[in-house]
Structures are given as structure tokens and as C-alpha cells.
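Me: I would like to go through the interfaces of this model and ask what each label rests on. Please set the values against the cut-offs.

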Amino acid sequence: MREFKVVGKSVPKVDAFPLALGKPLFADDIELKGMLHAKILWSPHAHARIKNIDTGKTEALPGVHAVLCYKNVPRVVHTSAGQSWPEPSPYDIVMFDNKVRHVGDRVAAIAAETEEIAEKALKLIKVEYELLPAVFDPEQAMDEGAPVIHDEPDCKYLIPVFYDPKHNHCAHIDLEVGDFEQGMKEADFVIEHKFKTHHEQHCSIEPHTCICYFDHAGRLVIRTSTQVPFHVRRIVAQCLQVPERMIRVIKPRIGGGFGGKQEVLIDDVCAMLAMRTKRPVRLVYTREEEFTSARVRHPMVMWAKTGVRKDGTLTAIQLRVLSNAGAYGPHAMTVMNNTCAKALPLFHCENIKWIADAVYTNLIPGGAYRGYGVTQAAFPMGVMMDEMAETIGMDPVNFWKMNTIKKGETSPIFKALSETGKGVEMIVESCSLPECIDRGAEIFGWREKRERFKNQPEGPVKYGVGMSCMVQGGTVPLIDMASAFAKMNDDGSFNLLIGAADLGTGADTVLAQIFAETLDIPVEDVIVYPSDTDITPFDKGAYASGTTYLSGMAVLKTAEKIKEQILNVAADMLGEPKEDLRIENKAVISSKSGKRVEFSQIVKRALYIKDQFQIAAIASELSRLPPQSFAAHFAEVEVDTETGQVKVLSYVAAVDCGTAVNPKLAEGQVEGAILNGISYALTEEFFFDDKGRVLNPSFGDYKIFSAPDIPKITTILVPSYEPTGPYGAKTVGEVNINGPLPAISNAIYNAVGTRLYDTPFTSERVLNVLKEKGAD
Amino acid sequence: MKKEIEFTINGKSRKLTVKPNELLLNVIREDLGLTGTKYGCGTGECGACTVLIDEEPVLSCLTLAITVDKKKVTTIEGIGTDENPHPLQQAFVETGAVQCGFCTPGMILSAKTLLDKNPNPTEDEIKRAIEGNLCRCTGYIKIIEAIKLASVRMGGRRK
Amino acid sequence: MLNDLEYFEPETISDVITFLAKHGKDTKLIAGGTDLLVDMKKGKVKPKYLVNLMKIPELSHIIEDGGGLRIGATTTFREIEESKLIKEKYPLLFEAARAMGTVQIRNMATIGGNICNALPSADIPPALVALDAKAKIVGQSGERFLPLEEFFVGIRKTALESDELIREVHVKSPPAGSGTAFLKIGRTASDLATLNVAVRVTLENNGACKEVRVVVGGGVGPTLIRSKRAETLLEGKILEEPLIEKTAREVSKELKPRPTSIRASPFYKIEVSKVLVKRALMKALGRAKAGEDR
Ligand SMILES: Cc1cc2nc3c(=O)[nH]c(=O)nc-3n(C[C@H](O)[C@H](O)[C@H](O)COP(=O)(O)OP(=O)(O)OC[C@H]3O[C@@H](n4cnc5c(N)ncnc54)[C@H](O)[C@@H]3O)c2cc1C
Ligand code: FES
Ligand code: FES
């Protein structure tokens with residue numbers, strides 16, 4: 001592996017100190033003079049037409065400054081998905097509609113002097129609903145006669161894809177590479193199961209927060225907790241029907257996103273209220289609203305069928321996917337596509353068939369969530385792999401190694417499909433998955449534990465181990481673009497302006513490291529200014545595991561351009577040809593004469609002395625292919641067969657993210673993703689009643705792990721070198737959330753001999769499955 | 001019916017007139033301008049609003065401001081400065097325990113009370129001390145590491 | 001948002017009683033506020049007057065006296081958890097207090113508030129009932145004692161009149177030969193109980209069971225359930241695993257979990273109650289034999 005000076009070092013996060021000191025860095029940490037407070041009225045019904053809204057009393061309430069509803073805002077169909085234009089999500093939402101499609105859908109909004117007044121005012125709004133029948137089960141949504149959720153004539157996609165809203169059919173794609181039926185014929189064993197995955201909320205501890213105000217020039221400033229500032233600007237401009245130039249979006253520090261903030265969820269309403277009142281307006285979701293009126297991971301029903309030969313060859317894979325989009329379709333097609341595009345290239349298999357549908361139902365809409373469809377598909381595939389290995393009597397470690405893609409190989413899926421549709425051909429140029437499997441197994445003690453758990457202890461508590469491997473491609477090729485701008489200051493320091501959105505992940509730090517590495521300067525000399533649409537150049541935003549890889553390349557290119565300019569000035573100063581000069585420790589040194597000029601001298605000369613100009617550069621990077629990050633996960637569980645309680649005792653993740661630009665931050669990403677994945681697998685769960693209401697919209701009732709719940713987690717970074725990435729880096733944000741579902745399901749099987757095909761593995765579900773088995 | 005209360009905030013005595021239905025969280029953020037204390041749920045379930053009252057961690061979202069009359073309130077802004085950060089703040093930065101940083105103030109305050117009372121906590125004691133502070137970013141691993149590191153630096157003996 | 005209200009901070013119990021006599025119906029007492037303020041935020045209760053009990057010195061104490069313990073109503077769970085006296089002599093209370101909430105919640109929440117809130121899934125009440133605890137209630141017409149199990153009359157309903165408050169909880173010291181155990185199942189470490197069980201086994205010198213309490217909470221009925229069947233089946237017998245298992249099955253028949261709970265189905269609660277009751281009895285028996293609880 002190549003050695004670097006700054007890259008590969010765990011420098012502290014550039015913003016960690018101010019955060020640890022509690023400085024006012026988040027969207028809600030400012031107080032503006034005359035600021036109004038906004039509240040939204042939510043639908044109590046899963047499906048209804050609004051016959052009338054009477055806001056008379058509300059408007060008459062002293063302290064109320066604006067009331068919005070379908071009657072007084074422009075009807076602009078758009079998507080709330082924060083994706084590049086033209087968005088691959090259906091235009092099926094408007095700011096306020098005369099129809100509600102899920103409990104918690106928007107009905108009206110208010111801006112008032114105080115939150116108290118706003119809340120009082122909400123109660124005064126009179127809404128007349130005409131109730132419509134609702135559909136919640138995705139398997140019934142496409143039936144003839146099912147209630148049509150999007151019967152409005154103006155819903156559509158901007159891109160040419162299948163869309164049949166009259167049958168609640170939000171997206172459909174199928175494909176076949178090779179010949180699935182032939183593959184099945186070649187198989188010695190065929191395995192087939194139905195799987196189900198459940199809803200999940202992001203639970204970023206900071207709720208969605210937006211403050212809108214007007215600057216001295218009368219332009220609208222949107223200070224918002226977003227992963228996608230540039231998409232927010234574009235989509236809000238669209239909804240408000242004003243030109244983009246009238247809007248500035250500032251992304252301050254963000255209190256976690258995980259995909260939940262890749263959505264224009266509140267910004268349009270907050271901005272409209274500011275427009276109407278000409279006052280600053282603040283809109284912050286309550287925790288309850290996060291659960292009822294934000295976005296969730298798409299639940300899916302999946303049917304998997306695979307064929308395997310006795311010698312371990314995987315002859316055919318079929319995955320049928322039915323995704324529950326909920327009431328609107330943001331990310332519905334792209335998440336669905338990833339169950340193939342970003343999940344199946346992992347497997348060495350020539351015959352793959354994939355059929356996928358996304359359907360509307362009257363439940364909370366799905367959206368982007370870390371893992372983005374790969375998490376869902378990794379579950380059936382990880383369990384099927386385990387079952388196939390068992391069927392042919394091979395250790396899963398060997399079976400996984402044998403059947404996963406290697407360096408220098410390609411998958412027909414790459415070309416056939418991407419997240420948005422057509423794929424790109426590519427060869428995997430970096431992959432340390434085999435080493436990940438070996439080292440993970442060794443450190444976990446896979447063989448010893450498999451041996452040991454063949455003999456289970458007496459008593460109700462049983463033990464087991466399970467593994468799974470995973471992949472996640474980063475970026476959406478040929479669509480995602482990132483850029484950076486930098487300029488040099490008098491003392492040889494730099495301002496680095498990046499469009500990329502750090503949402504707590506450490507992106508600002510990682511990008512500063514890449515910049516510092518390229519110019520051989522310390523990280524302290526890089527002053528990062530992130531994501532302000534007035535000031536920083538465009539970046540698609542923080543999603544699809546793209547920041548380190550793509551924004552990183554943009555930063556690297558920017559630094560290289562700057563390097564050229566520095567060398568040119570230095571050459572002139574030293575009177576030596578540029579070719580003889582090199583950059584070292586904030587200075588330029590001649591390899592020939594040994595002469596040296598400091599950066600501070602060079603920049604002063606450029607700014608003040610001769611042929612004055614600003615040393616500065618801008619560069620963009622377009623993603624050409626999705627770099628593949630891999631991981632192998634190992635879980636050890638304890639199952640109480642009398643109570644059904646499953647406890648994860650230890651968990652090992654061996655991860656190939658290319659070069660880890662900042663190992664500590666990379667580990668933090670791995671640990672956070674794993675714990676999120678484990679708590680999703682075991683305890684997180686939405687409950688709906690038969691009217692479609694969320695019954696548990698609080699942290700008290702929707703349980704995410706706290707510190708006493710965590711297992712021992714070991715992270716092993718197994719480097720590889722991705723030639724297309726900055727200093728060999730790939731991505732690390734998402735891939736590790738794909739392991740816990742299959743690894744834990746497999747471990748439970750190892751412990752008690754029962755497989756779980758439905759998630760989550762709550763005590764109750766496990767106990768039921770054990771009882772069913774006992775009854776057989 | 002407003003009432004004047006007098007209390008200590010981050011070492012300074014302070015008089016304030018509050019309404020009896022005002023929550024301490026809002027008073028701290030809005031009236032005192034100390035925004036390090038966060039809203040994450042408002043129902044006692046996330047710990048983002050943790051402050052110390054008489055050195056004990058409590059939830060400012062479930063505390064009426066009027067009840068802190070004559071008490072000592074400490075927020076994240078009161079335990080360290082740029083020049084002189086608290087060893088926990090230093091350790092959180094160094095170990096990578098701060099990701100988004102939204103849970104960090106509450107987390108650090110819970111940990112501070114732990115270390116003040118028990119300079120050499122076991123891993124289990126650390127986990128229990130922060131059980132009321134949810135973090136969605138870190139998986140808690142590096143937070144626990146940071147608290148251990150601070151405990152060593154603050155003179156707790158650790159094997 | 002909380003409704004507008006008037007706030008009082010009396011310093012004596014008699015001030016509270018006087019106030020309640022006048023305004024009882026429009027008043028809410030507030031202790032730790034961890035239940036009340038959540039309810040008020042949701043608009044479930046809108047008191048006109050709020051009377052804070054936390055500044056009344058005579059309400060906060062843990063005193064050993066006679067054959068038992070007196071815990072003042074505003075004693076917090078943290079104080080109970082950290083009391084050496086309780087940890088050594090009333091381990092059951094220590095275990096139940098520790099299982100409750102989070103550090104912050106335990107710093108705020110009081111035993112009186114917990115009892116008066118009468119949530120069927122609360123953690124300390126089963127432990128208190130297993131120790132034959134009584135509530136000392138004071139009001140305009142003087143004071144009265146009520147066994148705790150009679151104090152709970154329904155989901156979030158108590159036998160308290162609108163002019164009354166709880167002053168203390170009295171707990172009998174477990175007789176010699178006692179062993180206790182508290183077990184709780186939640187979805188995560190800090191969750192309200194899906195099920196909790198508090199058990200006390202008191203043995204004769206000859207090893208037979210002299211007295212037993214099996215109390216199940218966690219939403220298995222409108223209130224916690226003190227199992228009479230367990231008492232009938234076990235008292236006077238030599239306790240052995242088969243009998244304990246049989247008892248556990250019988251106890252489960254007394255439970256009536258609500259089908260609407262999101263934590264678990266009635267089926268699950270009943271199945272798991274058999275397991276928890278058995279385990280708690282075995283654990284308490286072991287402790288009784290080892291003389292751990294004195
Ligand atoms: C996040 C969270 C987690 C929780 N976890 C648990 C748990 O795991 N287990 C558990 O058992 N509980 C749990 N609770 C519930 C709660 O903390 C307890 O019920 C607590 O003990 C209530 O006490 P308090 O002092 O806060 O009561 P308050 O909220 O002040 O009062 C509760 C009620 O009791 C009345 N009251 C208070 N004191 C008296 C008195 N002396 N006489 C008459 N009436 C009185 C009040 O008027 C009010 O109606 C949790 C609560 C929260 C918010
Ligand atoms: S905001 Fe107070 S605990 Fe969540
Ligand atoms: S660091 Fe983001 S919630 Fe803890």
C-alpha cells in the first residue's frame with residue numbers, strides 16, 4: 001500500500017471541538033428578530049378528499065400571520081426526493097393538495113408569533129373530509145378495484161419509465177442476464193423462500209429543521225438541516241415558482257441524516273410562509289412528526305429462488321421484489337433498482353433474473369435510507385447463501401469466497417442496470433473481499449465457534465454464529481457530479497469551498513485531508529467552508545456513498561490545478577524550469593539547485609508583486625462508475641429459547657473501503673452503521689392500526705439501541721486501492737448497514753435450527769417461530 | 001402569573017422572570033441563548049436536552065424552569081472553553097466520539113457526573129451512565145472509549 | 001406546549017392539604033414531572049394549578065424504623081438505587097429501582113409519582129407489593145394506610161381522593177429466611193416493561209415455604225397482579241422445580257394482558273410470564289437458601 005502524509009491518518013474532525021463545546025452550529029441555534037414559528041396540520045385519515053377547508057377563525061386569531069392550504073398555494077407537481085434533475089422519482093406531490101394519502105399527510109400550515117399560538121391556531125382550522133377506502137398491504141395494492149391513491153391527472157415521471165398510477169403501480173422493471181431457466185436446470189438443488197423486511201425511521205437525533213429569512217437584498221435565505229443543499233434550492237424555487245437566483249441555501253452543521261435529510265420535507269412550506277409573511281420563519285419537526293410525517297426505509301416483500309450445484313457453483317438467482325412506496329414515490333424506483341443494481345453484482349452467477357415493482361399504499365412514504373435498497377436485498381441473498389452452503393455441506397466462509405466477485409472481474413448487472421436505469425460497463429479494479437472474509441473469520445474465531453456450538457449447553461439459552469458478505473456501489477454513474485473551489489491566502493493557507501454536505505460524517509475533514517495531501521500542507525492550513533449555494537460550487541449532495549470518492553476527486557483535481565499555479569509562480573521566482581520543481585512542506589523546492597521558496601512568499605508575490613493574480617481553482621468531477629465497497633460480517637448471538645430474546649454478543653466487520661482517508665472516521669462510520677443495522681434487525685419496528693395510524697411515534701415506543709444494548713464490535717479495515725478514487729479511496733458510509741439482518745438471521749439458525757425470513761427478529765417473532773417448529 | 005427566579009447558570013448567578021409553564025429547555029436556549037442544549041424528543045427519551053442540576057444529569061425538556069429557583073444549573077457551555085476544554089471534551093474530539101455532535105453535549109454532561117462520582121468506572125458503569133443519551137451516529141463505541149480516556153487523564157486509575 | 005397555569009411551591013404537607021381541600025379538582029401535584037409533564041404536553045391533562053412537592057423537606061427520606069422502611073413520597077429512584085441501606089437489606093427494591101428508566105429519569109422520577117401514576121407496566125410497584133408495602137395517605141380527613149395492591153384500582157387509576165396525597169411508602173422488612181428476585185423483560189435495556197416479576201420466598205427453618213409473593217406487572221391487567229394461586233400452591237410446601245413450574249403455569253392463567261399493547265401480544269406475555277415467574281422463584285429460592293437476603 002502507498003504511504004501518505006495526511007491521507008490515512010486519523011486527524012481529529014475539523015469541527016469536533018466546537019461541537020464538543022456546544023457552540024451554536026446547528027440550524028436551530030440562531031434566533032432572528034421577529035421570527036415566526038410554523039406548524040403543520042396533519043391528516044388524521046389515511047385516504048380522503050378534502051371537500052373544504054375553513055381557515056377563517058384561524059386567520060382571525062391574533063398572532064397568526066399566514067395560513068397555507070391547497071386553496072392558496074400554487075399547485076406544482078414535483079418530487080420531494082433530493083435527487084439530480086431530471087429526478088428519477090415520480091412527480092406526485094404538491095405543497096398542499098385537496099387530497100390526503102396517509103395519516104400524517106400535509107393539510108395546512110400556519111406561521112404565528114409563537115409556537116403556542118401556532119398550535120392553538122391549528123385547532124381552529126375546520127376541514128371537511130370525504131373519506132375514501134384505503135389500502136395498506138402492498139400485495140393488494142395492485143388488485144383490480146383497489147383504491148387509487150394517485151388519481152390526479154398530473155402525476156408523472158420526467159424520465160421515460162414505466163408508471164401506472166391508476167393501479168397504484170409506482171415503478172416496474174425486470175431484467176434477465178444469462179438464462180435463468182437454464183441455470184435452474186443446471187442446479188443440483190433449488191431453494192426458494194419468501195422474505196419480508198419492515199419499515200425503519202432514520203432517527204437522526206436532530207429533527208428536520210428549517211429557518212427561512214430575507215437578506216438585505218430581499219433574497220430568500222434557507223438555513224436548513226439538509227443533505228442536499230443544491231437540490232433544495234432547485235426544488236424550492238420550483239415549488240415557489242421563483243427563479244433560483246432569489247434563493248440561497250445554507251447548510252450548517254447537521255445532526256445526522258442517514259438519508260432522511262435527502263428530502264425536501266419542510267423547506268418548501270417554510271419558504272412559502274416566509275414569502276407570505278415577509279418575516280423570518282422557523283419550522284422544526286417534533287419527534288412525533290419524524291415518525292408520522294417524514295420518510296422511512298421502504299419495506300419490501302421479496303421472493304428469492306436460487307440454484308446451486310454440489311460443487312458449490314451458483315447456477316441461477318431470481319429475486320422478485322415488491323416495494324411498499326407508501327403514499328408518495330420519492331426514491332421508490334431508485335431504491336427498488338438498487339435491490340439489483342447495487343446488491344447483485346456481489347455474486348458470481350451468470351444467470352440472474354430480477355423482477356421488481358414498487359406500489360403506492362396509504363402508509364407513510366418511503367425515502368432514502370442508508371443502504372438504499374441494498375439493505376433489503378442483502379437480507380434474502382445473505383440467508384439464501386447460508387442455506388445453499390448448508391445444503392451442499394460447505395462452510396459458509398468457503399461458499400461465500402467461492403461465489404463473490406473478485407478484483408479484475410465484472411458482473412453483467414453493471415451494464416444492465418444502475419440505480420436510475422441504464423448501467424455502465426465496469427471492471428472491479430479494487431477488491432479485498434477475500435481477505436476481509438479470511439481476516440474477519442480469523443479474528444471472530446469462526447471455525448472454533450462453529451465447532452463449539454455444535455454442542456449446545458443444557459438449558460434454555462443457545463448460541464450461534466452467522467456471517468454475510470455485502471457490497472455497495474458508490475455514486476450514480478454519469479449523473480452524480482461534485483465540485484470544489486479553493487483559493488490561497490497571504491500566509492499560504494487555503495480556503496476550500498465545497499458543495500459537499502457533511503452531515504456529521506466527517507466529510508469536511510476527509511476532504512481537507514485530500515486537499516492537504518495533494519499540496520503537502522498540514523490540515524490546519526485548510527479552512528473548509530461547506531455547502532452554501534451562494535458561495536460554494538455545486539455538489540449533488542451527501543448520498544449514494546459518494547462524498548469521499550466523488551467530492552474527494554473534485555477536491556484533488558482542484559488542488560492539482562492550484563499546484564500548477566504555485567509551481568508557475570515559483571518557477572518564475574527561482575528562474576528554474578517548472579519540471580525541476582516539486583512541492584514539499586508548504587514550499588517549492590528545486591530538485592536541481594536545492595533552492596526553496598515558501599508558499600507564503602509565493603502567494604505574496606502573486607497577490608502583490610508581479611503579474612498579480614489570485615491563486616485559485618475550481619474543478620468538477622463526474623462519476624463514471626460506481627466504485628464497489630465490500631465487507632464481511634460475523635455475528636455471534638445468544639438465543640433464549642424460552643423467551644425468544646436474541647442478544648448479539650460479538651460482531652466483527654472486515655471492511656474494504658479502499659484507502660481509509662481517515663481510519664478513525666471510517667471506523668466510526670462502520671460502527672454506527674452496524675449498530676443501526678443491529679437495532680433495526682432486533683427491536684426497531686413501526687406499528688400501524690387498521691386505519692393506518694402509526695401507534696408508536698416516539699423513542700419510548702420505537703426502540704433504538706442505547707449504550708447498554710451494544711455488543712462487542714470489532715472493525716477491521718482491509719485496504720485495497722481504487723485507482724479511480726482519490727488516493728485509492730472508495731466509500732464507507734452505507735455498505736455496513738447491509739450485514740446485520742442476514743448475519744443475525746444466520747446466527748439464530750445456527751443456534752436453534754430455525755430460520756427467520758421476516759424481520760425484525762423480535763423476541764415475540766423468535767418465540768413464535770420456535771413454537772411452530774416445536775409443534776411440527 | 002410570572003415569577004422571578006434566581007439560580008446559578010454555569011457558575012454565574014442569574015435572575016430571570018419566567019412563566020410557570022415554561023420549560024427549562026426553552027429558557028436555556030431562548031432566554032439564556034445557550035444553544036448547546038438540544039431538543040431531540042421533548043418527552044424524556046433521548047437525552048439531547050440533558051443539563052446538570054446540582055451536579056446531577058436531568059432532562060431540561062421535562063423540567064419546569066420555575067423549579068430551578070435557587071439551584072445550580074450547568075450546561076455544556078459551562079464546563080469548558082476553547083482555551084480550556086474539559087478533559088471529556090478533549091477526549092471526545094481525539095477518539096472520534098463526535099460525529100454529528102448533536103448528542104454530544106448531553107452525552108458529555110452525563111459522563112461528567114459519572115466521572116466526578118466514580119473516577120474509575122468499569123465499561124458497564126460507563127454504558128449505564130449514558131443509557132439515557134441516544135446517539136444514532138457512532139454506535140457508542142468511540143464514546144465509551146472517550147470516557148475511558150478522560151477517566152485516565154482525570155486521574156482515575158485504570159488497569 | 002403546556003397550558004397556562006398557576007404554580008405553588010408549599011413547604012409543608014399541611015399547606016398542600018389545605019390547598020387540595022380548596023382546589024383539589026383543578027390541581028395537579030407535581031413531583032419529578034416525568035409523567036405529568038409528558039401528559040400535559042400531549043394535552044391529556046390541563047391543570048389550573050400546579051403544586052410542587054419537591055420543596056417539602058418532610059416528604060423526602062429513607063428511614064429504617066421498627067420492622068421496616070419508610071420511604072418519603074418524593075424520594076427519587078436514584079436515591080433509592082444509591083441507598084446502601086436499601087441495597088443491603090432490601091435488594092428487591094434496589095433491583096427494581098435500577099431497572100427503571102435511565103439515569104436522568106431516575107434522578108427526577110419519584111416513588112410517589114410512580115405509584116400515583118399507576119401505570120400497569122411500572123417497575124417498582126411489583127417489588128413493593130412483594131414486600132407487603134403500604135401507602136401512607138394524608139388528606140383533609142387525616143391519614144390512612146392502604147396496602148399498595150388495593151391502592152391501584154385500574155389503568156392509571158388509584159384509590160386516592162382529590163384532596164389526598166401520598167406521604168410515604170412503608171415496606172416491611174423481609175422476615176428471616178427470605179429470598180427475593182426481580183426480573184424484567186423489555187425490548188432494550190431501558191424500556192418500559194413488556195413484563196416484570198417480583199418475587200419473595202420466605203422459608204421456615206425446616207425448609208418449607210412459609211410465605212410467598214408472586215407479583216406480575218407489565219400490562220398484564222389493569223393493575224399489577226398479585227397471584228393468589230401461587231400463594232395457595234406454594235405456602236407450606238417444600239419448593240422444588242416441578243412445583244415451581246406448575247405454579248408458574250397457574251400464575252399465567254391469572255393474567256389478562258390487553259390485546260392492544262404494542263410491546264407484545266397477550267400470547268407472548270402469558271408464555272413468557274411462565275418463564276419469568278419460574279426463573280424468579282428459582283432465583284429467590286436460591287437466595288433464601290443461601291441466606292443472602294439476611
Ligand atoms: C423516558 C421515560 C422512561 C420511563 N421509564 C420507566 C420505567 O422503566 N419504569 C417505570 O416504572 N416508569 C418509567 N417511567 C415513568 C415515570 O418516570 C415514573 O412513573 C415516575 O416514577 C413518575 O414520578 P414523578 O415524580 O416524575 O411523577 P410526576 O410526573 O411528578 O407525577 C405523576 C403523577 O403522580 C401524581 N403525584 C406525584 N406525587 C404524588 C404524591 N406524593 N401524592 C399524590 N399524587 C402524586 C402527580 O399529580 C401525577 O399525576 C418513565 C418515564 C419516562 C419519561
Ligand atoms: S429532548 Fe429531552 S430527552 Fe429528548
Ligand atoms: S454523534 Fe450524531 S447522534 Fe451522536
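This is a predicted model: local features need pLDDT of at least 70, side-chain atom pairs count only at pLDDT 80 or more; totals for chains, interfaces and linings use all residues.

Me: Which elements of domain 1 of chain B touch domain 2 of chain B?
Reply: Two or more residues come from each of β3 (50-53) and β4 (56-59) of chain B. β3(B) gives the most, with three residues. By class, that side of domain 1 of chain B has six nonpolar, five polar and four charged residues.

Me: Why is the pair B:Lys112 and B:Glu55 called a salt bridge?
Reply: The N to O distance between the side chains of B:Lys112 and B:Glu55 is 4.0 Å. The cut-off is 4 Å between a side-chain nitrogen of Lys or Arg and a carboxyl oxygen of Asp or Glu, so the pair is listed as a salt bridge. Across this interface of domain 1 and domain 2 of chain B, the rule finds two salt bridges.

Me: What is the area buried between the two domains of chain B?
Reply: About 1200 Å² is buried between domain 1 and domain 2 of chain B, and carbon and sulfur atoms give 60% of this area. The assignment places domain 1 at 3-78 and domain 2 at 87-153. Their centres, taken over C-alpha atoms, are 21 Å apart. The contact takes 15 residues from domain 1 of chain B and 13 residues from domain 2 of chain B.

Me: Now chain C and chain B: what area is buried there?
Reply: About 2300 Å² is buried between chain C and chain B, 58% of it from carbon and sulfur atoms. C:Tyr7, C:Lys41 and C:Gln104 supply 26% of the area that chain C buries against chain B, more than any other three residues. The contact takes 29 residues from chain C and 30 residues from chain B.

Me: How do you know that C:Glu9 and B:Lys3 form a salt bridge?
Reply: Their side chains meet at 4.0 Å, N to O. The limit is 4 Å, so this Lys and Glu pair is listed as a salt bridge. The count between chain C and chain B is four salt bridges, alongside 13 residue pairs in polar contact. On the side of chain C that touches chain B, α6(C) gives the most, with six residues.

Note on methods
Residues are numbered from 1 along each chain as its sequence is written. Chains are lettered from A and ligands numbered from 1 in the order in which they are written. Side-chain values use heavy atoms; hydrogens and water are left out. Contact means heavy atoms within 4.5 Å. Buried area is the accessible area (1.4 Å probe) that two parts lose on being put together, summed over both. A polar contact is a pair of N or O atoms within 3.5 Å; within protein, one must be able to donate a hydrogen and the other to accept it, and residues adjacent in sequence count only if both atoms are side-chain atoms. Helices (H or I, at least four residues) and strands (E, at least two) are DSSP runs, numbered from the N terminus. Domain bounds come from an automatic or database domain assignment. Ala, Val, Leu, Ile, Met, Phe, Trp, Tyr, Cys and Pro count as nonpolar, Asp, Glu, Lys and Arg as charged, and the others, Gly among them, as polar.
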